[in-house]
Amino acid sequence: MMEKIQVTQAFLPKEEEYAGYVSRIFASKILTNQGPNVVELEEKLQAFCQVPYLHYVTNGTIALQLALRALDVIGGEIITTPFSYVATTSSILWESCTPVFVDIEPNRFTIDPERIEKAITKRTKGIMAVHVFGFPCFVEEIQRIANKYSLKVIYDAAHAFGVTYKGHPLVSWGDIATLSFHATKLFHSIEGGACVTPHQDVYNRIDILRRFGHLGDTHYCLGINGKQSEFHAAMGLANLPYVAGIIAQRKLLSECYDSILAGCVALPKMQDKQGHNYAYYPILLKNEQTLLDVVTALNNEEIYPRRYFYPSLNTLPYLANKIACPVSEDICSRVLCLPLYVGLETAQVEKICTTIRRAMQ
Ligand SMILES: *Cc1c(COP(=O)(O)O)cnc(C)c1O
């Protein structure tokens, strides 16, 4: 039987490294509520991301929802991108806000700042942009607009762990940046996420929000359970030392794809790979039919790429207001993410590329 190649495979540390952190749990009998593993992971993540304030939470979706709550934008219009995973949009809807989709810039796939100002109304309260595939948003331009109209900025940085921009961590941009540590992400703690903020008051608010809105018997506000368990933190602690190696390995595999696929498929045009994390390997096909042909050919070889992202989020069936985003809809119809993970072999990359080339003849 042929070995299946999925788009990604969760990274695992050495079993005894995870077990070491689990032993602590059995010794302390502390399973959750800011136990020693969670506290240690929060400190280490804060140092890794070089940010003053970071909360490690249940997952990347709760991180987005906490961000909307903490910045007090509930009920308002949130300008956002249609090119992302559904959690970006669903978190906005779940928190009773209205997503207002602004189309993407065709080279970087991130929200087009030139279109943001036209979408601002008196109900606009914030911007939720995504550093999609780890490509930095046009952060300076977005911040300039936010300052001009007094809007809050949230970056969904679920793909951007470890990315630096102009020498600084990308997550230091925005009022809050959120991370996802889901098993499929570059760095993971099985499930998990984080809220990063430069503001102490926002940090304090998230602290209360994620623990049901109370401290002891004093109830301050409506809250939710966003706390993470000691077992999840154990996996995060065991994985964190591997991040640099994971990025280096993904870079090698990406360069292998680059060299074999050159001239055959289009790639997103990144001006500067300095500081990139190689979290995904997206390719852009000529049209949807070519994409479907390529997917069929790969599936026949037990290779399973993913249509990240499809469909364009502005076309979700449960949206009340439909806004056209032709650039995003076009990209969504022909973008494909190829398998990329630690453990993928160059011979497998070669086979994937050969299959793609053959399908396109
Ligand atoms: C994975 C992901 C999320 C959600 O993170 P979870 O930890 O799975 O809840 C949000 N936004 C983007 C862009 C993602 O890729």
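Modeller: Let's start with a definition: the radius of gyration is taken over C-alpha atoms, and the globule rule is 2.2 Å times the number of residues to the power 0.38. The model here is predicted, so local features need pLDDT of at least 70 and side-chain atom pairs pLDDT 80 or more, while totals for chains, interfaces and linings use all residues. Residues are numbered from 1 along each chain as its sequence is written, and side-chain values use heavy atoms, leaving out hydrogens and water.

Colleague: What radius of gyration does the protein chain have?

Modeller: The protein chain has 21 Å, which agrees with the value near 21 Å for a compact globule of 361 residues. Its C-alpha atoms fill a box of roughly 70 × 55 × 40 Å along the principal axes.

Colleague: Which residues are closest to the ligand?

Modeller: A residue is near a molecule if one of its heavy atoms lies within 4 Å of it. Here 14 residues surround the ligand, and the closest are Thr61, Asp156, His159, Ser180 and Lys185.

Colleague: Where are polar side-chain atoms of Thr61 and Lys185 relative to the ligand?

Modeller: A polar contact is a pair of N or O atoms within 3.5 Å; within protein, one must be able to donate a hydrogen and the other to accept it, and residues adjacent in sequence count only if both atoms are side-chain atoms. A polar side-chain atom of Thr61 lies 2.6 Å from a ligand oxygen, and one of Lys185 lies 3.3 Å from a ligand oxygen.
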